Amino acid sequence: MAILVTGGAGYIGSHLCLELLNAGYEVVVVDNNSTSSSDALKRVQEITRKSVTVYTVDLGKKEDLLDVFSNHTISSVIHLAGYKSVSESSSIPLTYYANNIMSTLILCEVMQMFNVKSLVFSSSATVYAPTEKNEPISESHPLGAINPYGHTKQVIEEILRYLFYSDPSWSICMLRYFNPVGAHDSGQIGENPKGIPNNLVPYITNVAAGLLPALSIYGNDYPTRDGTGIRDYIHVVDLAQGHISALKKVETTTGINAYNLGTGKGYSVLEMVRSFQNVSGREIPYIIAPRRKGDIAVSFADVTKAKEELGWEAKRGIDAMCMDAWRWQRANPSNSALV
Ligand code: UFG
């Protein structure tokens, strides 16, 4: 029996495959390598000394997926594949809707054909309606994504709910990630954004490595303790382990549930910069820039439900997140748009 991981060659996928292999699972990956490369999974196999079966195919091609399900006995699916850039989704929304939603429909259809009905789905905290309140966001917070990327996740969550209502033998966990950062402590796998990074931590590591001159901090006039935006950063290895807890749940019960995966603690941009400087010993030059369109002041998770129902909680703090992100950057100096 194998676990199928869609998007398994990506940033979160590669860390997840590593944890699955270490936990003794047989792993099959489907990835079209549109935003990833096969190197990450080669490294995962070197680190774990275990092998992964990889299919470089597109989830949009049903025949290819039928082959995968015919070739392996799949017990559960962890569905990570999808386009994931908030900014890009605003420029090409139809591409995002077509890709993220169609691939999920095809996947679920094929799962149903093979009577595989346990699914862990990679959702996002961007499904939540923005709030002005400085309070943790629980799973019952109203949904209301404000960008096409987040909306594709919200729509997929709704599709999965109706799928479950039509056939309650499905078992589905939808994981709403907050801000995944960091890397495996081997320094061998990590985030490798194409182009100049959009996200805070990869941008900081590029500045620390001298590949970019300075960080732009998008706004210091938010109603937060130091004026900069607050987010719930979660170490990618904790995030990967959260999927394994969710997998155990879908393998043993039916139902549909959403869970926040975060630490429950919010850190500001300036706090992240300071922590990074402390652990790396590098100065991070920064300028204060205008607010970035679409950003909110504060977002951090209420993590009670995941703790109570999945028995999972994040263990790694921001120093480990920054340290591991920096180790990955130093071990892989070409992780930049500029090289
Ligand atoms: N920031 C800067 N400068 C930068 C980049 C970011 O100041 O160069 C700030 C942002 O304004 C924000 C914080 O750092 O306050 C975090 O920004 P990120 O771009 O790292 O992350 P976001 O919270 O905007 O979005 C991330 C992912 C989304 C995901 C979301 C979930 O990019 O895919 O978290 O809440 F959906």
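A: Begin with glutamate 139, which touches Tyr128, Arg176, Ala258, Tyr259, Asn260, Asp302 and Lys305, not counting residues up to four places away in sequence; contact means heavy atoms within 4.5 Å. This is a predicted model, in which local features need pLDDT of at least 70 and side-chain atom pairs count only at pLDDT 80 or more, while totals for chains, interfaces and linings use all residues. Residues are numbered from 1 along each chain as its sequence is written, and side-chain values use heavy atoms, with hydrogens and water left out.

Q: Where is glutamate 139 placed?
A: Helices (H or I, at least four residues) and strands (E, at least two) are DSSP runs, numbered from the N terminus. Glutamate 139 sits in the loop between β5 (118–124) and α6 (148–166).

Q: Is glutamate 139 buried or exposed, and which side chain of opposite charge is nearest?
A: Buried means under 20% relative accessible area, exposed over 50%, and partly exposed in between (1.4 Å probe, protein chains only). For charge, Lys and Arg count as positive and Asp and Glu as negative; His and the chain ends are not counted. A salt bridge needs a side-chain nitrogen of Lys or Arg within 4 Å of a carboxyl oxygen of Asp or Glu. Glutamate 139 is buried but has no salt bridge: lysine 305, the nearest side chain of opposite charge, is 5.5 Å away.

Q: What does the side chain of glutamate 139 reach?
A: The backbone nitrogen of asparagine 260, at 2.7 Å.

Q: What does a polar contact look like between two side chains, as with serine 123?
A: A polar contact is a pair of N or O atoms within 3.5 Å; within protein, one must be able to donate a hydrogen and the other to accept it, and residues adjacent in sequence count only if both atoms are side-chain atoms. The side chains of serine 123 and glutamate 157 are joined by one of 2.6 Å. Serine 123 is found in strand β5 and is buried, at 1% relative accessible area.

Q: How many residues of strand β6 are buried?
A: In a regular strand the side chains alternate between the two faces of the sheet. In β6 (residues 171–177), seven of the seven residues are buried, so the strand is largely enclosed by the rest of the structure. Ser171, Cys173, Leu175 and Tyr177 cover one side, and Ile172, Met174 and Arg176 the other.

Q: Which strands pair with β6?
A: Two strands pair if DSSP finds at least two bridges between them. β5 pairs with β6 in the parallel sense over seven bridges, and methionine 174 is the bridge partner of phenylalanine 121. Strand β11 (residues 255–261) also pairs with β6 in the parallel sense over seven bridges, with leucine 261 opposite tyrosine 177.

Q: Where does phi take a positive value in a residue other than glycine?
A: Most residues other than glycine have a negative phi, and most peptide bonds are trans. Arginine 49 has a positive phi, near 55 degrees, and lies in the loop between α2 (39–48) and β3 (53–55). Asparagine 115 also has a positive phi, near 55 degrees; its loop is between α5 (93–113) and β5. Arginine 49 is exposed at 77% relative accessible area, and asparagine 115 is exposed at 59%.
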